[in-house]
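Let's take a walk through a protein fold together, one piece at a time. Keep the picture open while you read.

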Amino acid sequence: MSEPTIHDVARQAGVSAATVSRALNGGLVKTQTRDRIKAVAKSMGYKSGASSRKTTLSRSGSVGILVTDVGNFYFADLLKGLFSVAQGAGCRMVIDDLDGGDPDTVIKRMIAGTAGQVVIAPRLDDDFLRRRFSPDNTVFVSKQLDGYMSACADDRSGMTQAVRHLASLGHRRVAYVGGSDRSWTNTQRINAFTDSVEEYGLESMVLGPFEPSYGGGVNACDAVMLEQDLTGIVIFNDLMAAGLLSSLKERGRKVPEDFSLIGIDNSVLSRAVRPSLTTVDVRQERLGAAAMRILIDMLREFPASADPGAGKESDRIPERLVIPEILLTRGSTAPPSKNLDQGTI
């Protein structure tokens with residue numbers, strides 16, 4: 001008979017695998033829940049391997065960061081947050097790009113050389129991730145997966161702010177230009193956009209999917225130009241927004257006079273383009289710091305919480321930590337032109 005797994009204990013105790021991991025490895029869990037989980041684990045003969053994981057972290061001093069498209073501006077501030085917590089814990093970060101080779105090879109190499117992993121790959125399939133990563137020492141960023149710890153931005157709040165801003169300026173026909181249809185984040189943003197435009201009584205459409213890159217934004221211009229009376233646009237990320245902005249200019253359209261454009265990320269690119277982008281700040285640095293703090297807590301290096309500097313027992317780490325988003329208004333949004341004739345190309 002095979003040895004019981006963490007998932008077996010979770011099912012028997014009526015909690016998630018991530019809660020079992022925290023309860024057995026010194027994380028912040030209610031005393032009553034911890035006692036119940038320990039009793040179930042003992043009765044089943046489950047051994048958590050906490051000491052071996054701590055030894056591994058002490059020996060290797062390394063935690064792994066796995067990303068897709070590491071060249072995206074989105075990751076700059078995210079990595080700053082990851083670095084700040086890892087360095088404070090005395091851990092070395094090892095970074096690899098899942099798009100840079102065979103994903104299985106990259107993942108196996110990373111797992112073999114690090115004590116735990118932060119995975120920033122919202123486009124990867126759920127089953128693929130479950131087969132390759134343990135809930136004991138994995139944290140997902142910008143993706144929620146049952147049984148695993150995660151840190152995500154509050155896309156619903158951010159999208160609501162973006163749509164409300166366009167409505168307040170007088171826009172009545174707006175679009176969301178989406179990224180990859182395989183992206184968990186893109187799906188959340190489409191759902192939030194659909195709900196928000198209904199709330200504010202706007203005509204709307206979803207355009208895409210497009211590659212979540214500068215070129216994807218350029219390609220999205222065709223779809224945008226074919227829509228009559230469209231004046232407001234929310235786009236999947238700042239990188240795509242920069243591509244769309246450039247392509248619109250080449251076709252003689254002006255931002256924000258002809259189209260108001262809102263990006264998402266608040267990357268350095270949003271401040272470098274002209275006009276500067278109104279954008280939803282997903283607070284990548286805070287998101288990265290939170291994800292690394294969760295991972296270090298799971299690996300038992302030091303107690304952590306959702307807020308920097310907080311350590312009270314009441315600040316329990318949720319299985320799905322959500323970081324609030326903030327809309328930053330800049331030069332790419334304005335009231336729609338009253339004399340605009342936006343016929344098709």
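Which hand does the β-α-β unit made by β3, helix α7 and β4 have? The unit is right-handed: with the strands pointing away from you, the path from the first strand over the helix to the second runs clockwise. To find the pieces, look for helix α7 at residues 126–132, β3 at residues 117–120 and β4 at residues 138–141. Residues are numbered from 1 along each chain as its sequence is written, and this is a predicted model, in which local features need pLDDT of at least 70 and side-chain atom pairs count only at pLDDT 80 or more, while totals for chains, interfaces and linings use all residues. Side-chain values use heavy atoms, with hydrogens and water left out. The helices (H or I, at least four residues) and strands (E, at least two) are DSSP runs, numbered from the N terminus.

Now stay with β4. It runs parallel to β3, and three bridges join them; two strands pair if DSSP finds at least two bridges between them.

Next up is helix α8, residues 155–169. Its 15 residues reach 21 Å from the first C-alpha to the last, close to the 21 Å expected at 1.5 Å a residue (1.5 Å times one less than the number of residues). Its buried residues include M159, V163 and L166. After α8 comes G170, with a positive phi near 105°.

Further along, there's an open sheet of six strands with mixed pairing, in the order β7-β6-β8-β9-β10-β12. Its edge strands are β7 (203–207) and β12 (326–328), each pairing on one side only. Strand β10 (residues 278–281) pairs with β12 in the antiparallel sense over three bridges, and V280 stands opposite L327 in β12.

Technical notes:
Buried < 20%, exposed > 50% of the residue type's maximum accessible area, 1.4 Å probe, protein only.
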